[in-house]
Amino acid sequence: MTTQLPQPDPATVPPLGRARLPVLGDVGGHAAGNSVFDLVPAFDELGSLVSRTTFGRRMLLAGRVDVVSDLCDDTRFAKFVGRGLQLARRVVGDGLFTAHNDEPNWAKAHDILVPAFTLDEIDTYHPAMLAVANELCGRWDAAAEDGSPVGVVGDLTALTLDTIGRAGFGYDFGSFRRTEPHPFVVSLQASLAHNQRLLRRLPGSDFLHRREDAAQERRAQHVQGLIDEVLQARRSSGDTSTDDLLGLMLNAVHPASGTPLDDANIRNQVLTFLVAGHETTSGALSFALQALVKNPAALARATAEVDALWGPEDDPQPGPQDVPRLRYVRQVLDETLRLWPTAPVFNRVSDTDTVIGGRFRVPAGRPVAVVVPALHRDPVWGPNVEAFDPDRVTPERAAARPPHAYKPFGTGERACIGSRFALHEATLVLGLLLHRFTLDDHTNYRLKINQALTVKPEGFTLRLRRRTPGDRATATTVPTAAASPTTTRRAPGTPLLVLHGSNLGSTRRWADTLAARAEDAGFTTTRGSLDDAADGLPTNRPVLVVAASYNGRPTDDAEKFVGKLDDAGTDAFVGVRYGVLGVGDRNWSATYQRIPTLIDDRLAAGGAQRLVERGEADGSIGLAAGAEPWIDGTLATLLDEFGEETTRAAPVAAGYRVRELAAPDLDTALHAGTLALTVEENRPLTDEGRPGRTKRLVRLTMPAGQRYRTGDQLVVRVANPDALVDRALAAFGLDGDRWVTVEHGRRDRTEGVPAGVPITVRRLLRETVELEDPARAAATRRMAELDPCPPEAAVLRSLADEATRPGLVELVERSPALRGRLDLATLLDLLEPLRPERIRSRPPRRPAPRRWTCSSRSSSTARPAASDAAASGPATSPRSGPVTRCAPPSSRAARCSGSTRTQRSRPSWSPRAAGSPPSAEWSPTGCRRRRTGRTSRR
């Protein structure tokens, strides 16, 4: 049966203008505006879809959710590179933002770069973001002191450009050390402005603009030439790491084809990130500040939130974990992007005739532009859509709206790859500015929008006043999560299956956390991927699933499992008892929690019993906010059913137990399972005194007979310096020559510290625990409980609620009453295990199996976790306060010399690399096979 597409009446898609003239097209009416924001009233008057003809080109414009929802269906529509992006290609070529769908470089670059924007990786960019934000604060401090206004848009553009330059490419534009903008910035902004003028140029008039076009060609060559110099400098340095965007593009290959990006495309991608990565974020921050000064209630609430988090401290240096806690500040940015989306249009096209909104016929090949400011003023947003109301975008209200009502970052797989980076940076910077300055709208600014490739407020300035600790004194402390009570029930030997669906590791880590917590409660856990369970789920044990979506589809290790759900019958899962935790990011609202929801619903429809309601971990506010309460509640439910009251003592509160031994005759087996390496060369590749990323070249010689293949990784342990160990022994009042053994009291405290191995206290502190890291909040509270001196305990309790804390050694030095009251078992529980540095080389163009580059990012916060091909180390920024927070740049990498140790080189990731498949344990008995037909892949 053939379905005939409805033929709309011509009046159904009304023209934008009052009249349509030959050549010129639509004139008058809503076509008379200069900005895309001038189109917004047209949709109130004319409906969901309008047409516009200009110089013979006809375009459909969509501004309501009923038609936009169809346009965002990736099975029917794809991205269309409109005229504005076509002009941008003259500068940035086939970058991620401007590439056509059928250009192979888009998919290749996208797949290579996606790992750089996972939730875990965003934290590694935080130190660079903070360092540049400190420089902006320094400039605004000077302006506040002399009473001069600041150019908000210009300064924030400098901030975002320097941030993406340092974090992504290791290049410092030095914007806040210059009196004039960097020449690259001048050329780039002039190029974007020229492209905007081209959009309004009459056809056939190019001969009138030859001089202007020639100047544009010179600007484009200058911009591209600078990027080529950056690429050449990185190659000449010998750095083959993949720990930033540039390193990935230069040294990584496509995971499927094994081919790298060519140099021309690398240059185009760098330019794309520099343009899109700083223009949009600076615009969003500028609009947010102008909205706040016009809305005192919202400004007061946002300021109270940052004051509650960071307290009266004048110069907080927050860590990445603080950013998700700024919930209201994030709502300010979300509402800002609703009213003033800085990328205000995206285009879609279908390759077949289709219908949108149930009534509008769209021919194949006819582009449709989504006017995002109009979409964001759809009636689904409630009354008074022009009002700035951050409460409009709470997670609860967002969940109640159609998923395609909010599109500040585009849609589908062509949506902005760097949206997490942008929102983390913007939330951090806006929070710091509100905490530091009182904002004075000294000109009573009236919003005027400047539109180029993106949009920004034009001519917006502020006067500033430095806030004092007294201004922040009335703030209340942001409540911290209460510690989970120690259960008096345990489930010894009860089997439990934990399955994950994860592409990039974040979801798998939460599954591992869940399994470890369950093991502490006595369960015997088996772990695996969802595809390991594609042939059936067990009925003789509870099944807990931690799953994510990837562009609305199952992750690579869950495709088979989800595919078979499509054909499962109504009794396919009878006897299965389960729970599901979904991991996602509400920024991708259209596909948020799609696969976890599908798994949960299909299992229930197939007769399985839901043990707990599905949980949601939302990356936009921090995964822990949703994951940790769900894990606590799920374990409590399981223990109520499967646990038993224990007559023995509750699980040991301390993570370790210690007993003293006589000194043995033989050396300890501390390094069992590791290999000794020789460090042949260790030298800096960059100026380690400069802010931002620092790098070192470390050349290692492998032991005889040990094979290392490109793509393998080494896990290297670098000890604490002797001077710090001596200081710790003195502060803790410990005898470094005493021999002890350690027993593990909890399963989450088994990493790093060896069990049952005779070892001296000195060596234990030197080679098994982190002495440089800031003390954890929980550790600081524990010390306050143990401190018999009330004033000292009060200081420790206060420090526990601050974003930045000294290291444990310094805390004990400041609290003399604690000396001798912290036994070694307690100290080990308060300290973190020594984190290994992972060195991994992705397959390069030219194999270099014994050469790696270690890098660190300059920061005054704690050292971030190691990232791919980088041994990340901390640094002290010029703006850090008197608290001793961490070691100098690259301190870990710099200490590698002579002989060091590594765990055996191991292959790069494979689906079952971290655990044996669970099927051998639980499939043969107690497992109900699903009644399925053919397997369908999604």
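Which residue in strand 14 does Asp440 stand opposite? Asp440 faces Arg463, and that pair is a handy way into this structure. You're looking at a predicted model, where local features need pLDDT of at least 70, side-chain atom pairs count only at pLDDT 80 or more, and totals for chains, interfaces and linings use all residues. Residues are numbered from 1 along each chain as its sequence is written, and side-chain values use heavy atoms, with hydrogens and water left out.

- Helices (H or I, at least four residues) and strands (E, at least two) are DSSP runs, numbered from the N terminus.
- Three strands make an open sheet in the order 6-14-11, with antiparallel pairing; two strands count as paired if DSSP finds at least two bridges between them.
- Strand 6 (150–151) and strand 11 (437–440) are the edge strands, each pairing on one side only.
- Strand 11 joins strand 14 (residues 461–466) through four bridges, running antiparallel.
- Helix 15 (residues 419–436) packs on this sheet and touches strand 11 and strand 14; contact here means heavy atoms within 4.5 Å.
- The direction of helix 15 makes about 90° with that of strand 11. Axes are lines fitted to C-alpha atoms, for helices over the stretch in contact, and angles run from 0 to 180 degrees between N-to-C directions.

**Other strand pairs**
- Strands of a sheet pair through backbone hydrogen bonds, either parallel or antiparallel.
- Strand 3 (residues 49–54) and strand 4 (residues 57–62) share six bridges in the antiparallel sense, and Thr53 has Arg58 in strand 4 as its bridge partner.

**Where helix 10 meets helix 15**
- The axes of helix 10 and helix 15 come within 10 Å and cross at roughly 35°.
- On the helix 10 side, the residues in contact include Thr281, Leu285 and Ala288, while those from helix 15 include Ala422, Glu425 and Val429.
- Sorted by type, the contact residues are 10 nonpolar, one polar and one charged. Ala, Val, Leu, Ile, Met, Phe, Trp, Tyr, Cys and Pro count as nonpolar, Asp, Glu, Lys and Arg as charged, and the others, Gly among them, as polar.

**Covered helices**
- In helix 12 (residues 327–339), 12 of the 13 residues are buried, so this helix is largely enclosed by the rest of the structure. Buried means under 20% relative accessible area, exposed over 50%, and partly exposed in between (1.4 Å probe, protein chains only).
- The buried residues of helix 12 pack against helix 10 (263–294), helix 11 (296–310) and helix 15.
- Helix 4 (residues 104–113) is mostly covered too, with seven of its 10 residues buried; Trp106 and Leu113 are among them.
- The cover over the buried residues of helix 4 includes helix 9 (245–251), helix 10 and strand 19 (543–550).

**Two asparagines with positive phi**
- Most residues other than glycine have a negative phi.
- Asn384, in the loop between helix 13 (372–375) and helix 14 (395–399), has a positive phi near 55°. Asn384 is exposed, with a relative accessible area of 57%.
- Asn444, in the loop between strand 11 and strand 12 (449–451), has a positive phi of about 50°. Asn444 is exposed, at 56% relative accessible area.
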